[in-house]
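Here is a quick tour for anyone who wants to click through the model while reading. Have a look at it first, then follow the sections below.

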Amino acid sequence: MKTDVWFVMLPGMLALDMTGPAETFSLAPEHFSLHYIGPEREAATSLGLTMGGIAPLPDALPPGSLLVIPGVSDSRYQFDTPQAEAVRRWLTRQQPALQRGDMSLVCICSGALLAARAGLMNGVQCTTHHDVIARLKTAAPQAIVRDNRIFVEDRGIWSSAGITSGIDLSLHLIHRLYGPRAALEVAREMVVWFRRSGDDPQLSPWLRYRNHMHPAIHRAQDLLTATPQDDWSLTTLADRVHVSARHLTRLFQQHLGISVRDYLEQLRLAVAEQCLLQGQGIEQAARAAGFSSPRQLYRARQRAS
């Protein structure tokens, strides 16, 4: 089943606050359906371009929806317009569904300020563009406003920093909803790095070393992540990606700061840990992950600790 993503369209919205996440989600069409809603059928963006075909604000959203509130170019007055006031009242009416977990709220940049005015940020950890932090604290004195964060999540409410951070947050949401491979495919299609905030759990090895653009390394990583349990030798892997073993070793160290062997071991360790969480025994988990014995798995766990 696809996830419905609803973009609230207001006059003065920052174009990239809307189009960045929209393009990100649209590159995974098998997972997401995009909708554009607002108080009027048209809305002029920060670039002077007018977006049309905007649907009315619905009484309620389908369960599991993502509701995205882009920021505006000057929230000091553009959130005081009649259109913004209509959206504020509508957001307040969505609060019960949000509290039940029937939907998630995604605030891009100064969009958090409108959510705060609707009473949605009380007691919630959140962030916004650095220029708006002070006004967010004023609008929601009971909010726990975090400075210098790419994005923050608390009880189904996501908020991000300025403009392009909406892309980072959208990639993270794809990862959370549909897994790392889906997020990585979109990130690579967009030619952007896949980043996460410091508050998030440590990146899995499937994601941690993907912040590069070297095609040979990506090919090698794709092969290793597909079947980490296979008996991979450096020579075999290098032949598959059409470089020499020596050159592949140098590329991994130069771009990732890790050896091919250590990278493969981290993948295998992640597989083994997952098997153990699923209730498999230590020997079965070690074999499934490509370790020669439980002792080898134990040593890998020691090195990682």
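His-35 is partly exposed, since its relative accessible area is 24% (buried means under 20%, exposed over 50%, and partly exposed in between, with a 1.4 Å probe and protein chains only). Before going on, some ground rules: this is a predicted model, in which local features need pLDDT of at least 70 and side-chain atom pairs count only at pLDDT 80 or more, while totals for chains, interfaces and linings use all residues. Residues are numbered from 1 along each chain as its sequence is written, and side-chain values use heavy atoms, with hydrogens and water left out.

You'll find His-35 in strand β2 (strands are DSSP runs of E, at least two residues, and helices are runs of H or I, at least four, both numbered from the N terminus). Setting aside neighbours within four places in sequence, His-35 is in contact with Asp-4, Val-5, Trp-6 and Phe-7, where contact means heavy atoms within 4.5 Å. With Asp-4 there is a side-chain to side-chain polar contact at 2.8 Å. That term stands for a pair of N or O atoms within 3.5 Å; within protein, one must be able to donate a hydrogen and the other to accept it, and residues adjacent in sequence count only if both atoms are side-chain atoms.

## The sheet

Which strands make up the open sheet, and in what order? Six of them, running β2-β1-β5-β6-β10-β9, with mixed pairing (two strands pair if DSSP finds at least two bridges between them). The edges are β2 (32-37) and β9 (151-154), each of which pairs on one side only. From one strand to the next the twist averages 20°; axes here are lines fitted to C-alpha atoms, for helices over the stretch in contact, and angles run from 0 to 180 degrees between N-to-C directions.

Helix α1 (residues 15-26) lies across β1 (3-8), β2 and β5 (65-69), and runs at about 155° to β2. Helix α3 (residues 82-93) also packs on the sheet, touching β1, β2 and β5, and its direction makes about 150° with that of β5.

β9 runs antiparallel to β10 (residues 157-160), and four bridges join them. Asp-154 has Ile-157 as its bridge partner, and Glu-153 stands opposite Trp-158. The two strands form a hairpin with two residues between them, and Arg-155 in the turn has a positive phi of about 55°.

## Thr-128 and His-129

Both Thr-128 and His-129 sit in the loop between β7 and α6. Thr-128 counts as buried because its relative accessibility is 4%, and His-129 is buried too, at 16%.

The side chain of Thr-128 reaches the backbone oxygen of Cys-109 at 2.7 Å. Beyond four places in sequence, residues touching Thr-128 include Ser-110, Ile-133 and Leu-136.

## Two helices crossing

The axes of α10 (residues 215-226) and α13 (residues 260-277) come within 10 Å and cross at roughly 35°. In α10, Gln-221, Leu-224 and Thr-225 meet Val-260, Tyr-263, Leu-264 and Leu-267 in α13.
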